[in-house]
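Please keep the structure open while reading.

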Amino acid sequence: MTREELQAAITNLEPQVTFEEAGEFLNAVVPSELCRDLMQALHNMPDLSMDYMFCLTCVDWKTHLTMVYHLESTAHGHQVVIKSQLNRENPEIETLSDIWRTAELLEREVFDLFGVRFIHHPDLRRLLLTDEWEGWPMRKDYEDPINMIKL
Amino acid sequence: MLQEVAKTDTGDLVINVGPQHPSTHGVLHLVITLNGETIKKVEPHLGYIHRSIEKMCESLSYRQFIYSTSRMDYLSAHINNHGCALAVEKGLQIEVPQRAQVIRVLMDELTRLASHQLWWGALAMDVGAITPFFHAFRERELINDIMEETCGARLTMNYMVPGGVMFDLHPDFQKKVKDFLTLFKSKLPEYDELVTGNIIFQNRMKNVGYISKEDAISYGCSGPTARASGVSCDIRKKYPYDIYAQLQFSEAIETAGDCWGRYLVRMEEMRQSISIIEQLIDNIPEGDFVAKTKAVLKLPKGEFFTRVETARGELGIYIVSEGGLTPYRIKFRSPGFSNLSALDHMAKGQKIGDLVAIMGTLDLVIPDIDR
């Protein structure tokens, strides 16, 4: 599918999606409460079949957090980036770990480093840091006088 | 984090493998639930070598951050650097000279050979054969010597920079590489004789750690792990970078999906790498080895994603730039992390002795997973 066709297909699935012009992939921004339904459709629709999630991450924009999902279809070869804005004080979004199995560990990593809570995640614990660690290190306002060396 | 050896209510035994265990090739810690000798669950505990490279990169300039990526997947250091250099070049639209492109691809493929050699020796040792380890290191040493002459380092190369490579090739480079290829091509049949054809080894590999094509995609597997299940995912073929589009090589694909399939894919990849090096070694164009770039690099505002094929699979580099001197956010999509997430699926129902073989064929490098 070309970029325009993809954009039309996604608008058809979810009219509330907005698109960003720039970037090498098609960037679609979806409200966080609608994210899971859209993702499920992207994965299941035969002519979209986004079965490969090659990146899942989060960006701290100081005013809000943005979840970024990079999806690709191994059958059709098209890619799309889905973004979802989260409230910084209480970031919550539905898990995708039952749609793409790879998301289970990746979401745990995002929880560990950004503090995003994934609703219905089967096993949401810290992954890289110890269980008793305080704070979310990848956030921009994180301070740690012992472990962090400011350059 | 370490758990006591415990018995659950159903009589299952919970044991720790690692973080200090020879077969995990690093500080990986697995908590395994066993029923007798059968694995019921494998739970990886990560972070023993977590350095938060992504956070560090946020305060390093676009020239500096590349060096920290050599410390991620240290067996594919060149390819990690290559990916980062490509990401910066994409943002600044730098035209890389032809000579630099050829040098980069040569270095990438030599790295891939060295990495697969180490994997081959270590896998054989994991399943109980000591000798192949020394054979593999004997040949790998020659590649390290070649690297040392040109890059000045044997492991953390830091050779590729935005716009090209840091130094020109050593005058002996072509001769040394050709000598190495002649030698290694005579040794590769020896590898097959020693290990591939060994019936004990085959029995340890076949029908062990199976993963289907659909599951491999769902778990985000890439590289030889996914290609052994029949997923065509070689980034060098799908999204060619530098001069890969002009080269003749085939993507190694198996459909078995077990340890044996992953073994065969990597053995075939070694042959393909040899073929790529042979195509290029006599055709290194003259010219600059690095493009002229500004002293201070500033990426325009926006997002950049590059994908390269390391020895373990797909490395993705996601840079979010705000137009400043340093990246606003960097995410490394490391191949080992996703491949490791499939370990539980592969090991379920297998015997505990097979876990070592499965981990061996996944070719895990822990600093790449923890970052």
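Helix 5 and helix 6 of chain B are roughly antiparallel to each other. This is a predicted model. The axes of helix 5 (residues 131-151) of chain B and helix 6 (residues 173-196) of chain B cross at roughly 165 degrees and come within 11 Å. The crossing of helix 5 of chain B past helix 6 of chain B is left-handed.

Helix 5 of chain B contributes B:P132, B:H135, B:E139, B:L142, B:I143, B:I146, B:E149 and B:T150 to this contact. Helix 6 of chain B answers with B:F173, B:K176, B:V177, B:F180, B:F184, B:K187, B:Y191, B:L194 and B:V195. By class, the residues of this contact of helix 5 with helix 6 of chain B are 11 nonpolar, two polar and four charged.

Helix 6 of chain B also packs on helix 11 (259-281) of chain B. Their axes come within 11 Å and cross at roughly 160 degrees. That makes helix 6 of chain B roughly antiparallel to helix 11 of chain B. Here too, the crossing is left-handed. From helix 6 of chain B come B:Q174, B:V177, B:K178, B:L181, B:F184, B:K185, B:L188 and B:T196. From helix 11 of chain B come B:M267, B:M270, B:I274, B:I277, B:E278 and B:I281. Nine residues of this contact of helix 6 with helix 11 of chain B are nonpolar, two are polar and three are charged.

| Helix pair, chain B | Axes come within | Crossing angle, roughly |
|---|---|---|
| Helix 5 and helix 6 | 11 Å | 165 degrees |
| Helix 6 and helix 11 | 11 Å | 160 degrees |
| Helix 3 and helix 4 | 8 Å | 140 degrees |

Helix 4 of chain B covers residues 98-126. In the contact, B:A77, B:H78, B:I79 and B:H82 of helix 3 of chain B meet B:R104, B:M107, B:D108 and B:T111 of helix 4 of chain B. These residues of helix 3 and helix 4 of chain B divide into three nonpolar, three polar and two charged.

How many residues of helix 3 of chain B are buried? The count is 14 of its 16, and the helix is mostly covered. Its length also fits expectation. At 1.5 Å a residue, the 16 residues of helix 3 (residues 77-92) of chain B should span 22 Å, and the end C-alpha atoms are 23 Å apart, which agrees. B:Q93 follows helix 3 of chain B and has a positive phi, near 50 degrees.

Most residues other than glycine have a negative phi. B:N207 has a positive phi of about 60 degrees although it is not a glycine. B:N207 sits in the loop between helix 7 (199-205) and helix 8 of chain B. With 13 C-beta neighbours inside 10 Å, B:N207 counts as partly exposed. B:D363, not a glycine either, has a positive phi of about 55 degrees. B:D363 lies in the loop between helix 14 (352-362) and helix 15 of chain B. B:D363 has 26 other C-beta atoms within 10 Å and is therefore buried.

B:R371 is placed in the segment after helix 15 (366-370) of chain B. B:R371 is buried, with 27 other C-beta atoms within 10 Å. B:R371 and B:I53 are 318 residues apart in sequence, yet 5.7 Å apart in space, C-alpha to C-alpha. Not counting residues up to four places away in sequence, B:R371 touches B:H50, B:I53, B:E54, B:M72, B:F332 and B:S334.

B:D288 occupies the loop between helix 11 and strand 7 of chain B. B:D288 counts as partly exposed, with 14 C-beta neighbours inside 10 Å. Leaving aside neighbours within four places in sequence, B:D288 is in contact with B:P97, B:R99 and B:G164.

Last comes the contact between chains. 27 residues of chain B are in contact with 25 residues of chain A. Elements of chain B that each supply at least two residues to this side include helix 1 (53-57), helix 8 (213-218), strand 7 (302-309) and helix 12 (335-341). Strand 8 of chain B gives the most, with four residues. The side of chain B that touches chain A has nine nonpolar, 10 polar and eight charged residues.

Definitions and conventions
Residues numbered from 1 in each chain as written. Chains lettered and ligands numbered in written order. Predicted model: local features only at pLDDT ≥ 70, side-chain atom pairs only at ≥ 80, totals over all residues. Axes fitted to C-alpha atoms, helices over the stretch in contact; angles between N-to-C directions. Parallel < 35°, antiparallel > 145°, perpendicular 65-115°, else oblique. Left-handed = near helix turned anticlockwise from the far one by under 90°. Contact = placed C-beta atoms within 7 Å. Nonpolar A, V, L, I, M, F, W, Y, C, P; charged D, E, K, R; others polar. Expected span 1.5 Å × (residues − 1). Buried ≥ 20, exposed ≤ 12 C-beta atoms within 10 Å, placed from the backbone.
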